[in-house]
Amino acid sequence: MKKIVSLITAIFFTAVLSACGKKTSENLTKPDGQLDKCTLRFSWWGGDDRHKATLEAIKLWNTIHPEIKIIPEYGGWDGWTEKVTSQISGGTEPDIMQINYDWLVTLSPDGSGFYDLNELDSQLDLSCFDKDVLSFGEINGRLNAVTVSVTGRGLFYNSAVYDRLGAEFPTTWDELIALGDTFRQEGLYPLDLDIQSGGTAWYLAIVYVQQLTGKNFISMDGELGFTADDICMALDFYKEMESSGVIRNIQTRTDEDGNTALYQSPEFIGGKVAGVLEWGSSVGKYEAVLPDGTLKAGPFLTSDGENSSGWMIKPSMLYAVSKNTKYPDEAAAFMDFLLNNEDCARILGTSRGIPASHSAEKSLEQNGLLTGLAHESDSMLEQLDTVTVSPYMELPQMKDFYNTAIEKVSYDLCDTETAAEEMYDSVTKYLDKVK
Amino acid sequence: MKKRQYTNPTGVSKYTGLLLISPFIAGFLLFTLYPFICSFVLGMTNSRTVGETEFIGFENYRTMFRSGSFRRALEVTLKYAAILVPLKLIVSLLTAVLLNLEIRGIGFFRTAFYIPSILGSNLAVVIMWQYLFTAKGLINQFLEFLGASPVSWYGDPDAALYIIVLLRLWEFGSTMIIFLAALRDIPRELYDAAKVDGCGSIRSFFSITLPQIKGVIFINLILQTISALQEFNAPYMITGGGPLKSTYTVGMLIYDEMFKYGEIGYANAVSWILFAVITLAVSVMYLVTGRMERDKT
């Protein structure tokens, strides 16, 4: 009996100690150029408009390729990173994934985290993409992901509220600050900035500093371009927006909305908060909760009416194929359908922004679908001297540093100099660790 | 029809007992002991979501004790447990005493009081809590009706923790049911005899009820303390840990480190410290109550 117990114990502990670590061996399924009968999982995040359009596109795929069944997995952005990260850690991720730009840094720092799409060119047509657009998804010469659309954050306003107050959409930073007074008299706010998952408060503040100083906050290879003084300038500008009544302070915002996303909050839907800073590719969810045509794209702010630099663009999202997929050809074919198929493009419209694929963009243009807020905002961005967002800027830990500083300044727990010094130290140390 | 023959099960084989309990043993080894040991091993590594894993000894623990965010999360968790557990025990016990009364329709009230505890902290409850506690929520409307100043529930770092406490307090049904079962086991004769001796209700409560259910009070104390120290759902869904991390518990820290920042090794190390804190708290409770028993004898 003792021998049996000892044997079981020995086997158990050997299994534990050898299995606790992650799997390091890679068993890539090589492409064979054939489309076999199979079932694939495809995951994405987004709002209702994107969900509806994508489910329709999958229906179309099923009529073309009934032998390749697609199982959709979708939800809102909040908590989505955590979900996919845990799936990837456990090797249970979907075959095709809509991924965020910064995931390339966290999930595939050496380019081996996702399938190399260069190997799948028999099914995936990459000729519809510009080289620089494709380069967003390249790491160490491996094409980990393909950019769905390139977007930037733009300002969108509730035109009904602005019209009622006789206010014009601001064109300069000074005009934005001046709007605070006009709106305050009515108990309203011309804009909303948050420290939730979007982190728009810090985003707008660094656009302001980038425009004034000509510096980039973080370079593409993860070098911090701002000094502590630059960070302090950004925090001062944020504080000025609060004190002039342009935005709600953090306490008022939290009291009114709780933990609810802005587009679901009564303050935004009811018009108390009449503006939002949002990616062109995601503005649909804000548009959907207001009467048709109410939300309108506003001009990108400048310091003097001329200097329009500092605004940022990035791949709004990318498609990647899991390195663990058993069906790389089929996954690539489905990805090609999503990116390049003209009928699919017509169904998806601008639910993921203006497509980066020329084929899809042409289809939208021919069908008169290249309209709407995403298009307006992106067209305006094209006229500007934009900066590409560094993937390091959007890392969750970095967002935590920004939000901590903004929160401390908003609650008057410390002055902007102290908050800037703390953020500078935290950001510098963290970038050194992850680069 | 032939009558079925039964043999003495102990005579079949000396391994039959082991065979019968093997499903439980297998489940325990696979789903409890295995992850438990894995977690400890991972806590001694620098494991991240991607990349090579190296053994780094107690480095994660050293980092943790130097970390301001860990200390802050631990403070919040201990404060939360210290406020919630006594409150919940008192409210549950008093409600159980009321529901132990033999009056018409008491079954309805027992069910009604139990319902909140099966709701948990799901999305519907989160929305309801927002209707109650946001700036223009029902609670503040009621306070204004009474002439009191509205409270900044979500935005004030000192008040936000109480939103979570109130949610968990509202879900006192399970604790109350355990108290109620214990109360119904107390012999009626004790109360009758006390009444004959001129003992009032309050004296009966302290001299008969409490001593008779002290074992159950202890069990509820242990269960609620463990549950409070592990709190994650409610702050995650209702406040997101804010404002100013005033509702950011150790459970949320583990979640963020593991799934948001991909620091698997560090997250496992924090889990082990949380386990140690819970073990310490329960041990202290056992020691204190054991000493009380000895003092009594």
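Is A:D412 buried or exposed, and how many other C-beta atoms lie within 10 Å? In this predicted model, A:D412 is exposed, with 9 other C-beta atoms within 10 Å. A:D412 sits in the loop between α17 and α18 (416–434) of chain A. Its phi is near 55 degrees, which is a positive value in a residue other than glycine.

A:N140 belongs to the loop between β4 (138–139) and β5 (142–143) of chain A. The phi of A:N140, again a positive value in a residue other than glycine, is near 50 degrees. With 11 other C-beta atoms within 10 Å, A:N140 is exposed.

The domain assignment divides chain A into domain 1 (31–151 + 315–377) and domain 2 (152–313 + 380–434). Between the C-alpha centres of domain 1 of chain A and domain 2 of chain A there are 29 Å. Where the two domains meet, domain 1 of chain A contributes 23 residues and domain 2 of chain A contributes 23 residues. On the side of domain 1 of chain A that touches domain 2 of chain A, two or more residues come from each of α2 (48–64), α4, β6 (145–158) and α16 (373–382) of chain A. The most, four residues, are given by α16(A). Sorted by class, this side of domain 1 of chain A holds seven nonpolar, nine polar and seven charged residues.

A helix pair in chain A comes next. Helix α9 (residues 228–243) of chain A packs with α17(A) at an angle of about 50 degrees, and their axes are 10 Å apart. The crossing in which α9(A) passes α17(A) is right-handed. From α9(A), the residues A:L235, A:Y238, A:K239 and A:E242 meet A:A405, A:I406, A:V409 and A:S410 of α17(A). The contact of α9(A) with α17(A) has five nonpolar, one polar and two charged residues.

One more loop of chain A deserves a look. A:N307 is placed in the loop between β8 (295–297) and β9 (312–321) of chain A. A:N307 counts as partly exposed, with 13 C-beta neighbours inside 10 Å. Although A:N307 and A:T172 are 135 residues apart in sequence, their C-alpha atoms are 9.8 Å apart in space. Neighbours within four places in sequence aside, A:N307 is in contact with A:Q211 and A:T302.

How do the two chains meet? In the contact between them, 30 residues of chain A touch 27 residues of chain B. On the side of chain A that touches chain B, at least two residues are supplied by each of α1 (2–19), α3 (80–90), α4 (103–107), α10 (250–257) and α17 (396–410) of chain A. By class, this side of chain A comprises ten nonpolar, 15 polar and five charged residues.

Chain B has a helix pair of its own to compare. Helix α4 (residues 68–99) of chain B and helix α8 (residues 157–170) of chain B have axes that come within 10 Å and cross at roughly 30 degrees. That angle makes α4(B) roughly parallel to α8(B). The crossing of α4(B) past α8(B) is right-handed. On the α4(B) side, the contact is made by B:K79, B:Y80, B:I83, B:L84, B:L87, B:K88 and B:V91, and on the α8(B) side by B:L161, B:I164, B:V165, B:R168 and B:L169. Among the residues of the contact of α4(B) with α8(B), nine are nonpolar, none polar and three charged.

Further along chain B, the peptide bond from B:G242 to B:P243 is cis, with omega near -5 degrees. B:P243 lies in the loop between α13 (233–238) and α14 of chain B. Helix α14 (residues 250–260) of chain B contains B:M258, which counts as buried with 22 C-beta neighbours inside 10 Å. Residues up to four places away in sequence aside, B:M258 touches B:I264 and B:A267. B:M258 and B:N268 are ten residues apart in sequence, and their C-alpha atoms are 7.9 Å apart in space.

Technical notes. Residues numbered from 1 in each chain as written. Chains lettered and ligands numbered in written order. Predicted model: local features only at pLDDT ≥ 70, side-chain atom pairs only at ≥ 80, totals over all residues. Axes fitted to C-alpha atoms, helices over the stretch in contact; angles between N-to-C directions. Parallel < 35°, antiparallel > 145°, perpendicular 65-115°, else oblique. Left-handed = near helix turned anticlockwise from the far one by under 90°. Contact = placed C-beta atoms within 7 Å. Nonpolar A, V, L, I, M, F, W, Y, C, P; charged D, E, K, R; others polar. Domains from an automatic or database assignment. Buried ≥ 20, exposed ≤ 12 C-beta atoms within 10 Å, placed from the backbone.
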